[in-house]
Amino acid sequence: MTFDFTRRLCAEALGTFFLVMAVVGSGIMAETLAGGNVALALLCNTIATGAVLFVIITIFIGVSGAHFNPAVSFAMLLRGSLPRGEVLPYMAVQIVGGCLGAIAAHLMFGLDAIQISQHTRTGFGQWLGEFIATFGLVATILGCIRFNVAAIPAAVGLYITSAYWFTSSTSFANPAVTIARAISDTFSGIAPAHVPAFLLAQFVGAAAAVLLFGWLLRPGSESHGS
């Protein structure tokens with residue numbers, strides 16, 4: 001079944017809205033209830049993010065492909081799975097949906113709708129963390145596309161759940177989420193000045209995954225000796 005472009009854009013906006021609302025909202029709730037225990041707050045934030053990813057990908061993968069992430073849309077462009085003319089609209093609705101998700105989370109918890117984050121997230125280690133996080137995310141998706149499409153919701157949810165803990169940046173791995181988190185001065189926020197380097201690392205990580213896994217997952221030609 002093929003859905004028209006308007007419905008696909010709506011699915012991308014809705015999915016990214018719920019993703020960011022879950023990330024920001026669970027961060028607010030976790031910080032409120034964890035009593036200053038940052039590890040516990042991060043664990044709660046992680047579980048909510050991984051769970052909502054499973055749900056929204058399951059719902060929307062048959063509609064729009066369930067990217068919810070400009071880096072993933074960029075990767076699909078590079079591999080020829082997303083037409084050039086659809087990439088920028090996909091990215092635009094992802095960013096808008098994500099920002100609206102952050103605003104909705106703030107309003108639910110009685111906070112100012114739009115904030116300027118003061119959370120410092122910068123330095124080579126965090127940039128490398130974002131490169132690795134996004135590289136691994138795109139690799140996960142490409143591997144599932146190649147061998148088991150039905151596993152994508154669980155695989156992506158589990159990968160991000162894990163990457164929250166093994167990357168120095170807590171695995172944003174998503175330009176739309178990164179931009180939305182810049183307008184949230186809460187547990188999950190990132191200072192706007194630190195966003196560009198994160199975005200660069202994410203897009204480079206996505207491109208590197210497409211290049212490597214495009215080669216790795218392509219069956220080689222057999223050579224027969226005489």
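**View 1. Ile132 sits in helix H5.** Helices here are DSSP runs (H or I, at least four residues), numbered from the N terminus. Ile132 is partly exposed, at 39% relative accessible area (partly exposed lies between buried, under 20%, and exposed, over 50%; 1.4 Å probe, protein chains only). The model is predicted: local features need pLDDT of at least 70, side-chain atom pairs pLDDT 80 or more, while totals for chains, interfaces and linings use all residues. Residues are numbered from 1 along each chain, and side-chain values use heavy atoms, without hydrogens or water.

**View 2. Phe124, Trp127, Leu128, Ile132 and Phe166 make a nonpolar surface patch of about 500 Å².** Patch residues have over 30% relative accessible area and no salt bridge, with nonpolar side chains joined within 5 Å. A salt bridge puts a Lys or Arg side-chain nitrogen within 4 Å of an Asp or Glu carboxyl oxygen. Areas are Shrake-Rupley values with a 1.4 Å probe. Helix H5 (residues 124-147) gives the largest share, four residues.

**View 3. Cys10 and Cys99 stand apart, with sulfurs 17 Å from each other.** Each is the other's closest cysteine sulfur. That is too far for a bond. The disulfide count is zero (cut-off: sulfur atoms within 2.5 Å). Cys10 is partly exposed, at 42% relative accessibility.

**View 4. The largest pocket holds about 500 Å³ of space.** Of its 35 lining residues, Gly65, Ala66, His67, Val72 and Ile141 are closest to the centre. A pocket is an open set of points on a 1 Å grid (1.4 Å probe), with protein on both sides within 12 Å along at least five of seven lines; lining residues have an atom within 4 Å of a point. H2 supplies the largest share of the lining, five residues.

Methods: Patches are made of residues with over 30% relative accessible area and no salt bridge: like charges are joined within 9 Å, nonpolar side chains (Val, Leu, Ile, Met, Phe, Trp, Tyr) within 5 Å. Helices (H or I, at least four residues) and strands (E, at least two) are DSSP runs, numbered from the N terminus. Grid points are joined across faces, edges and corners, and a volume is the space filled by probe spheres set on the points.
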